[in-house]
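Here's a quick tour of one protein model and the molecule that sits in it.

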Amino acid sequence: MLNIVIFGAPGSGKGTQSAKMKEKYGLEHLSTGEILRSEIKADTELGRLADSYMSKGLLVPDELVIDILNGLIGRQGDVKGFIFDGFPRTLAQGEALGRMLKRHGGDVHAVVSLEVDEEELIDRLLKRGRISGRKDDNRETVESRLKVYRAQTEPLKEYYRTRGLLKNIEGTGSVDGIFASIEKEIDRLVK
Ligand code: AP5
């Protein structure tokens, strides 16, 4: 099993690059943001609770997202592996992911971190907000998401760097060019 974490700030291209990784390597794509948005759309209790955090650009509590992921990993049958997109986002989630995968005889094999400067991130997200109308793509919420990323999520880079798993990828430029850099890292793991 090959398990890749795709890591980066809001708007760094995690979803875009995950789609390409899924297509090339046949991995299951698990995006906690997408899962939570579909709960909001279905107006479930979990969705309403998640929305109260997401609309402010705050993280949904660890125990909720860890439970969701745990259930999803447990329900997957015979898969080639996973792309974790938007998870982990805190140290507690990182540790939980390690434990979950271990229970299934697996591990995290690489953490692909997309590096994009803040001005470009804000540009991308506000642009998407104007087109798709994603509720959290407005200036105030984007600023909050970036602040939360720096305070709660970025420290995970050190956690993975010390474990030799962090792969920093330049996340600016063409989508295909960025994917070519990711492929170089992953191809080394699958050979
Ligand atoms: P989530 O859905 O994970 O959002 P995010 O991390 O803020 O990331 P985005 O989806 O906005 O961006 P992305 O990096 O995937 O980039 P994308 O490819 O879309 O989380 C949303 C919220 O859910 C969180 O704020 C939190 O509240 C909650 N949540 C989720 N997971 C959680 C967890 N584990 N714990 C607690 N709470 C959690 O691209 C962005 C835009 O840029 C697109 O328009 C795209 O077309 C464009 N783009 C992509 N690549 C390029 C390129 N190379 N050049 C130019 N434009 C590009």
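Helices (H or I, at least four residues) and strands (E, at least two) are DSSP runs, numbered from the N terminus. Keep in mind that this is a predicted model, where local features need pLDDT of at least 70, side-chain atom pairs count only at pLDDT 80 or more, and totals for chains, interfaces and linings use all residues. Residues are numbered from 1 along each chain as its sequence is written, and side-chain values use heavy atoms, with hydrogens and water left out.

- Aspartate 43 sits in the loop between α2 and α3. Its phi is positive, about 55°, although aspartate 43 is not a glycine.
- Which kind of peptide bond joins phenylalanine 87 and proline 88? It's a cis one, with omega at about 5°.
- You'll find proline 88 in the loop between β3 (81-85) and α5 (91-103).

**Around the ligand**

- There are 30 residues around the ligand, and Thr16, Leu58, Arg89, Arg128 and Arg145 come nearest. A residue makes this list if one of its heavy atoms lies within 4 Å of the molecule.
- α1 (14-25), α2 (32-41), α6 (118-132) and α9 (175-190) each supply at least two residues of this shell. The most come from α2, with four residues.
- By type, the shell splits into 12 nonpolar, 10 polar and eight charged residues. Here Ala, Val, Leu, Ile, Met, Phe, Trp, Tyr, Cys and Pro count as nonpolar, Asp, Glu, Lys and Arg as charged, and the others, Gly among them, as polar.

- A polar contact here is a pair of N or O atoms within 3.5 Å.
- A ligand nitrogen is 2.9 Å from an N or O atom in the side chain of glutamine 93, and a ligand nitrogen is 3.4 Å from an N or O atom in the side chain of arginine 124.
- Serine 12 uses its backbone instead: one of its polar backbone atoms is 3.2 Å from a ligand oxygen.
- How much of the ligand's accessible area does the protein cover? It covers 86% of the 1,000 Å² that the ligand has on its own, going by the Shrake-Rupley method with a 1.4 Å probe.

**The largest pocket**

- A pocket is found on a 1 Å grid over the protein atoms alone, as an open set of points where a 1.4 Å probe fits, with protein on both sides within 12 Å along at least five of seven lines; lining residues have an atom within 4 Å of a point.
- The ligand takes up the space of the largest pocket, and a molecule counts as sitting in a pocket if more than half of its atoms lie within 2 Å of its grid points.
- The largest pocket has a volume of about 1,100 Å³. Its lining has 48 residues, with Gly11, Lys14, Arg128, Arg134 and Arg145 closest to its centre.
- α6 gives the largest share of this lining, seven residues.

**The second largest pocket**

- This one holds about 190 Å³ of space, and its lining includes Arg37, Asp51 and Arg134.
- α2 gives the most to this lining, with four residues.
- The lining divides into two nonpolar, two polar and six charged residues.

Key: Polar contact = N/O pair within 3.5 Å; in protein donor to acceptor, adjacent residues only side chain to side chain. Points joined across faces, edges and corners; volume = space filled by probe spheres on them.
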